[in-house]
Amino acid sequence: MQSKTASSIAIAISARRIKLPSSRCQETSMNLKRIGLIGGMSFEGSAIYYRKINEAVARALGGLNSADILLASVNFQDIVDMQKAGRWDDAARYLARVAEQLRDGGADCVMICAVTMHLVADTVAQATPLPFIHIVDETARTLQSAGYAKPLLLATRYTMEDGFYQTLMQSHGIEILIPDENDRAVLNGIIFDELSQGNVLNSSRAKLIAFIEKARARGADSVIFGCTEIGMILQVDALPLPGFDSVDIHVDAAVAFALGQRP
């Protein structure tokens with residue numbers, strides 16, 4: 001990936017175009033920390049992050065308060081092409097440059113608004129000294145606190161099959177179950193061909209519920225929405241098993257950081 005590709009990234013608030021405060025956590029009305037989001041994967045999912053973070057800040061502070069967000073929205077097609085070609089090192093360098101741009105724009109932390117791209121999270125986290133809020137670690141802590149240890153993971157094929165998600169969860173004492181091969185292919189198609197393009201179909205919702213029923217028969221005690229867009233089609237309180245939307249968990253961690261309620 002050439003450097004000119006990274007320079008074409010659309011950044012919602014860019015230090016190159018708008019004068020930003022020279023030091024972090026500058027004069028906002030409530031001294032909020034600035035949340036740096038790497039988004040666009042998909043833009044449907046990033047819109048969910050933007051809305052939920054602002055809603056959470058408004059609930060916490062009242063009035064017309066909203067979050068201090070720096071959003072770098074990449075071209076999802078570029079990322080998908082790298083995924084399909086197995087060019088994960090290129091993808092890692094690509095997102096690492098985005099993280100550096102967020103740092104230069106005054107972000108106080110970095111988050112990836114896509115579970116699958118946490119496959120390259122280590123490289124992105126090491127690109128800057130900023131705190132990196134990791135969606136898998138946050139989700140694991142939430143499941144532990146709730147007393148669940150054998151969840152079904154609903155995610156892209158990359159997330160379900162690469163092994164990085166299972167390894168991280170195992171480090172927290174959690175055993176991940178995934179759908180069978182055919183169901184993984186169906187789920188992957190629902191994510192990329194429907195949800196990422198804004199299409200929510202009742203027939204696909206029924207398929208996902210059937211996957212959860214199968215997992216319950218295999219001993220699953222809960223369900224993780226392991227893809228940003230899964231929350232578009234399923235609700236955590238309307239499932240055969242207790243559900244955990246990892247986006248909600250990730251958002252809660254980000255807002256707690258922005259409000260100074262966690263390191």
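These questions and answers walk through a predicted model of one protein chain.

Reader: How many helices and strands does the protein chain have?
Author: The model is predicted, and its chain holds 263 residues. Buried residues make up 53% of them. The secondary structure comes to eleven helices and seven strands.

Reader: Among contacts between residues at least 6 apart in sequence, what share joins residues at least 24 apart?
Author: Take the contacts in the protein chain between residues at least 6 apart in sequence. Count those that join residues at least 24 apart. The share is 75%.

Reader: Which elements give two or more residues to the lining of the largest cavity?
Author: A search of the whole structure finds one cavity of 30 Å³ or more. Its lining has 15 residues, and Met-41, Phe-76, Thr-116, Thr-156 and Cys-227 lie nearest the centre. The elements that give two or more residues to this lining are α3 (76-85) and α9 (181-194).

Reader: What is the volume of that largest cavity, and how does its lining divide by class?
Author: By class, the lining has eight nonpolar, six polar and one charged residues. The space in the largest cavity is about 100 Å³.

Reader: What is the volume of the largest pocket?
Author: Its lining includes Gly-40, Ser-42, Phe-43, Phe-76, Val-80 and Lys-84. Tyr-158, Asn-188, Phe-192, Asp-193, Ser-196 and Gln-197 also line the largest pocket. α3 and α9 each supply at least two residues of that lining. The volume is about 210 Å³.

Reader: How many charged residues are in the lining of the largest pocket?
Author: The lining divides by class. Five residues are nonpolar and five are polar. The charged residues number two.

Reader: Where is Ser-42, and is the peptide bond from Met-41 to Ser-42 cis or trans?
Author: Ser-42 is in the loop between β2 (35-39) and α2. Ser-42 is also among the residues that line the largest pocket. The peptide bond from Met-41 to Ser-42 has omega near 5°, and it is cis.

Reader: Which element gives the most to the lining of the second largest pocket?
Author: About 170 Å³ of space lies in this pocket. The lining has 13 residues, with Lys-52, Gly-231, Met-232, Leu-234 and Asp-245 nearest the centre. The elements that give two or more residues to it are α2 and α11. With three residues, the one that gives the most is α2.

Reader: How many charged residues does the lining of the second largest pocket have?
Author: Six of the lining residues are nonpolar. Three are polar. The charged count is four.

Reader: Are α3 and α4 roughly parallel or roughly antiparallel?
Author: The axes of α3 and helix α4 (residues 88-104) come within 8 Å. They cross at roughly 150°. Angles over 145 degrees count as roughly antiparallel. The two helices are therefore roughly antiparallel.

Reader: Which residues of α4 make the contact with α3?
Author: By class, the contact has six nonpolar, one polar and two charged residues. From α3 come Asp-78, Ile-79, Met-82 and Gln-83. From α4 come Trp-88, Asp-90, Ala-91, Tyr-94 and Leu-95.

Reader: Are α6 and α11 roughly parallel or roughly perpendicular?
Author: The axes of helix α6 (residues 135-146) and α11 come within 9 Å. They cross at roughly 100°. Angles of 65 to 115 degrees count as roughly perpendicular. So α6 and α11 are roughly perpendicular.

Reader: Which residues of α11 make the contact with α6?
Author: The contact has four nonpolar, four polar and one charged residues. α6 brings Ile-135, Glu-138, Thr-139 and Thr-142. α11 brings Ser-246, Val-247, Ile-249, His-250 and Ala-253.

Reader: Is His-250 buried or exposed?
Author: His-250 is found in helix α11 (residues 246-258). Leaving out residues up to four places away in sequence, His-250 touches Tyr-49, Met-111, Ile-112, His-118, Ile-133, His-134 and Ile-135. Buried means under 20% relative accessible area. His-250 has 0%, so it is buried.

Reader: How far apart in space are Ala-60 and Ala-256, C-alpha to C-alpha?
Author: Ala-60 is in helix α2 (residues 43-61). Ala-60 is partly exposed, with a relative accessible area of 46%. In sequence, Ala-60 and Ala-256 are 196 residues apart. In space, C-alpha to C-alpha, the distance is 9.8 Å.

Terms used
Residues are numbered from 1 along each chain as its sequence is written. This is a predicted model: local features need pLDDT of at least 70, side-chain atom pairs count only at pLDDT 80 or more; totals for chains, interfaces and linings use all residues. Side-chain values use heavy atoms; hydrogens and water are left out. On a 1 Å grid over the protein atoms alone, a cavity is a set of points where a 1.4 Å probe fits but cannot get out, and a pocket is an open set with protein on both sides within 12 Å along at least five of seven lines; lining residues have an atom within 4 Å of a point. Grid points are joined across faces, edges and corners, and a volume is the space filled by probe spheres set on the points. Helices (H or I, at least four residues) and strands (E, at least two) are DSSP runs, numbered from the N terminus. Ala, Val, Leu, Ile, Met, Phe, Trp, Tyr, Cys and Pro count as nonpolar, Asp, Glu, Lys and Arg as charged, and the others, Gly among them, as polar. Buried means under 20% relative accessible area, exposed over 50%, partly exposed in between (1.4 Å probe, protein chains only). Contact means heavy atoms within 4.5 Å. Axes are lines fitted to C-alpha atoms, for helices over the stretch in contact, and angles run from 0 to 180 degrees between N-to-C directions. Angles under 35 degrees count as roughly parallel, over 145 as roughly antiparallel, 65 to 115 as roughly perpendicular and the rest as oblique.
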